[in-house]
Amino acid sequence: MTWVERNRDQIEKIRAYVLEFGEAHPAEFEWFQAGSHPLFPLAVESDRGSALLLAYCALYQGISARKLSQFLAYLWKEYDADFFRLNKLPFDELQARVANAPGLGEWDLRGKAPGILRSVCDFFFKHGKLLPWVAQTGGEAAIQILADEIFMMGKTSEFKSKPRYFLWLLTQLPDAEPQRFWTPETLLPITPGHLRFVREFGPLKERRRSPWATPQEKLSYLNRFFRMLFPDRPWIVYAALDAYLKPAASAAMGIASEGAPSNPLRAEEKKWLCRETLGGCLQCPLAPTCPGREDV
Ligand code: SF4
């Protein structure tokens, strides 16, 4: 018997756990109009809202989501709606503003950020409204084009986490209709939370060694698990499995760092995002076998 055949009850519990996250939104959406911490006067589902999400994803590397949102808010104050014309405005002024941006610390990407922002604006000018473009292009093809055409978006990365995360964010927009662009080939990015979850509740629990040899096999393996859970809408699995034993303080559901999962139970911060979202472990279908549960 296969793992799926032997674990039908467990799979139903996992599905119930995932469905508990149905009302949750990506933390990034709180920065937009009507969010709890608005930084930008844009509706996240607007054309410019999704363009700003693309800029965020392109820059999301080696920096916390909070710092990156503050950096983008600083640029918004400097440029206002001209933010989307950065490819047409003087490059040396953009470089100076980025160099003077406060609170970035030793961000490795700071020197490349002006070029990345210009590249995102070039992309927006070339392809127009992003959601219709993705729907017309198809999910996995869109991921490849995003990676190829935007500077530092993952052209040489085997995981292509930045464009995959952008596609996932699009699935979360109100009225996005992800089935219009999420093709059978489209893959979600993977995160340490996903790996923790599959090691605890999925088929990796029974294995001493990971069954993949390459990044592509790892990506495919995890995505087969997501699709087994929800064949018609695998994107709904992302946030729930990512939140598993993830410190709530790191809140943004965050792009994947694709490395080995950290040992979460050693973390000082034990306010897990899964517990916070579900309102306590007592509400959780996985509580009976979860090593992180608390009786609250
Ligand atoms: S820590 Fe609590 S909420 Fe999170 S999976 Fe375990 S039992 Fe569920």
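Predicted model: local features only at pLDDT ≥ 70, side-chain atom pairs only at ≥ 80, totals over all residues.
Colleague: Let's take Cys284. Where is the place of that one?

Modeller: Cys284 sits in the segment after α13, and that helix covers 273–278.

Colleague: Buried or exposed, and why?

Modeller: Cys284 counts as buried because it has 20 C-beta neighbours inside 10 Å, and the cut-off for buried is 20 or more.

Colleague: What does Cys284 touch, leaving out residues up to four places away in sequence?

Modeller: On that count, Cys284 touches Tyr17, Leu278 and Cys290. Leu278 and Cys290 also belong to the residues around the ligand.

Colleague: How far is Cys284 from Glu20?

Modeller: Their C-alpha atoms are separated by 8.3 Å, while along the chain Cys284 and Glu20 are 264 residues apart. There's another pair of that kind: Ala16 and Leu286 are 270 residues apart in sequence, with 8.8 Å between their C-alpha atoms. Leu286 is one of the residues around the ligand too.

Colleague: Where does Ala16 lie, then?

Modeller: Ala16 is part of helix α2, residues 8–19.

Colleague: Is Ala16 buried or exposed?

Modeller: Exposed, because Ala16 has 12 other C-beta atoms within 10 Å, and exposed means 12 or fewer.

Colleague: OK, zooming out. How many helices and strands does the protein have?

Modeller: It has 13 helices and zero strands.

Colleague: How is the protein divided into domains?

Modeller: Domain 1 takes in 3–24 + 186–289, and domain 2 is 27–180. The C-alpha centres of domain 1 and domain 2 are 26 Å apart.

Colleague: What about the radius of gyration?

Modeller: The protein has 19 Å, which agrees with the value near 19 Å that a compact globule of 296 residues would have. Along the principal axes, the C-alpha trace spans about 60 × 40 × 35 Å.

Colleague: And what share of the residues is buried?

Modeller: Buried residues come to 38% of the 296. As for contacts with a separation of 6 or more, 66% of them are between residues 24 or more positions apart.

Colleague: Which residues touch the most other members in the largest nonpolar core?

Modeller: That core has 77 residues, and the ones touching the most other members are Leu54, Ala55, Tyr56, Cys57, Ala58, Val120 and Phe166. Helix α3, residues 47–59, gives the most to this core, with nine residues. Domain 1 and domain 2 each put at least three residues into this core.

Colleague: Why would nonpolar side chains be buried together?

Modeller: As a general matter, they tend to do that in soluble globular proteins.

Colleague: Pick Ala58. What does that one touch, leaving out residues up to four places away in sequence?

Modeller: Ala58 touches Ile116, Val120, Ile150, Met152, Met153 and Lys162 on that count. Val120 is itself among the core residues that touch the most other members.

Colleague: Met152 is on that list. What is phi there?

Modeller: Phi of Met152 is near 65 degrees, a positive value in a residue other than glycine. Met152 is in the loop between α8 (139–149) and α9 (161–172). With 18 other C-beta atoms within 10 Å, Met152 is partly exposed.

Colleague: And phi of Asp175?

Modeller: Near 60 degrees, again positive, and Asp175 is a residue other than glycine. Asp175 is in the loop between α9 and α10, the latter being 192–201.

Colleague: Is Asp175 buried or exposed?

Modeller: Exposed, because Asp175 has 6 other C-beta atoms within 10 Å.

Colleague: Last one, Ser210. Where does that lie?

Modeller: Ser210 is in the loop between α10 and α11, with α11 covering 215–229. Ser210 is partly exposed, with 14 other C-beta atoms within 10 Å.

Colleague: How far is Ser210 from Trp133?

Modeller: The C-alpha atoms of Ser210 and Trp133 are separated by 37 Å, and the two residues are 77 apart along the chain.

Terms used:
Residues numbered from 1 in each chain as written. Helix = DSSP H or I, 4+ residues; strand = E, 2+ residues; numbered from the N terminus. Contact = placed C-beta atoms within 7 Å. Domains from an automatic or database assignment. Near = placed C-beta within 6 Å. Rg over C-alpha atoms; globule rule 2.2 N^0.38 Å. Core = buried A, V, L, I, M, F, W, Y, C linked by C-beta atoms within 7 Å.
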